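Please read these notes with the model open beside you.

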Amino acid sequence: TNTVDVIMLGINSLVQGQVSVYPNPVQDRCILQMNDVQGKIQIRVLNYLGQALYTGQLTGVSGHATHAIDLSGQPAGMYLIEVRTADNNSIMRVIKN
């Protein structure tokens, strides 16, 4: 018989420790905190249908960066925040009350 090892990766495990979002759940605005990042950072907020509600870009980042995301105009529900750097991608789930 053949054995197959399966490794399950959580949705935040790609850059665990480098990118975090708070508060979660969020009322109006959340803060994206990025540590140990370099260069250009692309940020997208997606609704549950995968539609981009927000796109942003930070350039010239070296080390630590924070970025505020305004969700005040969005209805309550679950949103995905996607962060892309040259080396890593991360997707985090955020709940809006």
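The numbered points below start with confidence and then turn to packing.

1. This is a predicted model: local features need pLDDT of at least 70, side-chain atom pairs count only at pLDDT 80 or more, and totals for chains, interfaces and linings use all residues. Residues are numbered from 1 along each chain as its sequence is written, and side-chain values use heavy atoms, without hydrogens or water.

2. Mean pLDDT (the predictor's confidence in each residue, from 0 to 100) is 83 for the protein. Of its residues, 82% reach 70 or more. Residues 2-15 have pLDDT below 50. Beyond near neighbours in sequence, this stretch has 8 contacts (heavy atoms within 4.5 Å) in the model. Where pLDDT is low, the predicted coordinates should not be read in detail.

3. Among the elements (DSSP runs numbered from the N terminus: helices, H or I, at least four residues; strands, E, at least two), S4 has the highest mean pLDDT, 94. S3 has the lowest, 90.

4. Leaving out residues up to four places away in sequence, Val83 touches Leu32, Met34 and Ile41, among others. Its partners also include Asn88, Asn89 and Ser90.

5. Is Thr85 buried or exposed? Thr85 lies in the loop between S4 and S5. Thr85 counts as buried because its relative accessibility is 18%; the cut-offs are under 20% relative accessible area for buried, over 50% for exposed, partly exposed in between (1.4 Å probe, protein chains only). Neighbours within four places aside, Thr85 contacts Val37, Lys40 and Ile41.
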